Number of protein chains: 2
Amino acid sequence: MKLQKVTDAGQAEPVRHGRRYRDACGAAFALELVGERWALLIMRELMFGPKRFGAIRGGLPAISARVLAERLGELEAAGVVRREMLAPPASVAVYALTDWGRQADEAMLALCRWSLQSPGHDPSLHLSSAGLMMSLRALFRGGADTAGEIAVGEDLFAVSVAKGVFTVRSGAGEAAAFRLTAADARPLMQLFYGKVGLAAAEAVGLAVAGDRAAAAAFGGCFALPDKLA
Amino acid sequence: MKLQKVTDAGQAEPVRHGRRYRDACGAAFALELVGERWALLIMRELMFGPKRFGAIRGGLPAISARVLAERLGELEAAGVVRREMLAPPASVAVYALTDWGRQADEAMLALCRWSLQSPGHDPSLHLSSAGLMMSLRALFRGGADTAGEIAVGEDLFAVSVAKGVFTVRSGAGEAAAFRLTAADARPLMQLFYGKVGLAAAEAVGLAVAGDRAAAAAFGGCFALPDKLA
DNA sequence: CAGAATCCCATTCGATACTG
DNA sequence: CAGTATCGAATGGGATTCTG
């Protein structure tokens, strides 16, 4: 009722909240689509693959079920998210970004890179596996070609550096030279944000398998930008 | 009181609204800083130079004075905006982006480029001169080197294409080959968004001075992206 | 006139409880 | 687990008013 109104033809038409910017600039239109509270973070959670309602909540512990349901409805009406029913016998609903929704990652990365220059950023907060991978993409500084896997809790990602381009995919990787495993993002943040060595990260819960030298070199590909103030 | 609390030492400490994301990802932190309603559009208005309170309102006719004052206070506390007192005899307050605040333009451009792919975008809405220049930057597709001036209402911008890079500055331009003048953004939107010729834009209020061929070529450097749906 | 302060109301958010 | 219902609290928007 709040999210959309059904026209005479029965078509869903996004009405959104009465609050519009009434501004023809693309930035304003983007904010109409994904500027509501939590919207961009929900998209981040879906950036590496479809997720169930509960899995999104898992990545965003501070969101309430009500707001999450509301946002998913709005994002679906906006064409950013698609609700899909998995085939039987699974028969559960998952939420996935549309192709267009996935293209918002450039904007998201730009926001990450910008905000991480601030000395006010607090890396001690909770970080989901999707948030970690997003941060890695934002923090990539370049380095030698390599490939590996990162396992965070239940989630597995294939990462690679090829020709100076860093790529993350969901799932197992081809020809992974190393694998970093941790129960949550904390130890990996130490390694990537904190610029500590592999050994220090292992002391706080990281497990390294495979080529240790390759893993260490990979860790050196990322750094927080220089702070401003 | 709502924007900041004064500590024992008397220092201003951004408390924001109780609503936090509690998420270590840079995207979440960016949203804490500039994710409130109107914040990014206020920054857009300041992107090409400092403005007075009333001038910002002029660019954002739908914002209320209360919310604008509140946002300016928050953005100042966040280090994105600086409130400056012009030297006498002017002695008026203006709001300017800090260096860091200006760096958010990459993220803003990415949002523009993303959202303008949507068929839902409505170019018939109001557009401020800052919004127009932002949109031009987002719509730039490349073209031959040139330089000119664009005058929208009271505002004057120097634009140039050099080595495939499009630049906008506030004020008069060096060696401008042409000048496009209009009372508001509408005729210029016709030219740049609408892909109509110079003559058609002149029919709706555009005035062209100087080298017409250069002006026409400049107009051809911009285009809306292909729509998705 | 610029812009801060105040009041009122509609909407939204967040937390908890509830249901299939 | 996947949402929905409900309610108090906070916010946004608009109008009005004060102050210099």
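Predicted model: local features only at pLDDT ≥ 70, side-chain atom pairs only at ≥ 80, totals over all residues.
The largest cavity holds about 110 Å³ of space.

## Lining of the largest cavity

From chain A, the lining residues are Ala30(A), Leu31(A), Val34(A), Gly35(A), Leu40(A) and Leu111(A); from chain B, they are Ala30(B), Leu31(B), Val34(B), Gly35(B), Leu40(B) and Leu111(B). Helix H1 (26–34) of chain A and helix H1 (26–34) of chain B each contribute at least two residues to this lining.

Gly35(A) and Gly35(B) belong to the lining, and Gly is counted as polar under the classification used.

## Fold and dimensions of chain A

Chain A contains ten helices and nine strands. Its radius of gyration is 19 Å, close to the 17 Å given by the globule rule for 229 residues, so chain A is as compact as a globular protein of that length. Taken along the principal axes, the box filled by the C-alpha atoms of chain A is roughly 65 × 50 × 35 Å.

## Burial, contacts and surface of chain A

Of the 229 residues in chain A, 49% are classed as buried. Among contacts in chain A with a separation of 6 or more, 57% are between residues 24 or more positions apart.

Methods. Residues numbered from 1 in each chain as written. Chains lettered and ligands numbered in written order. Heavy atoms only, no water. 1 Å grid on protein atoms, 1.4 Å probe; cavity = no way out; pocket = protein on both sides within 12 Å on 5 of 7 lines; lining within 4 Å. Points joined across faces, edges and corners; volume = space filled by probe spheres on them. Helix = DSSP H or I, 4+ residues; strand = E, 2+ residues; numbered from the N terminus. Rg over C-alpha atoms; globule rule 2.2 N^0.38 Å. Buried < 20%, exposed > 50% of the residue type's maximum accessible area, 1.4 Å probe, protein only. Contact = heavy atoms within 4.5 Å.
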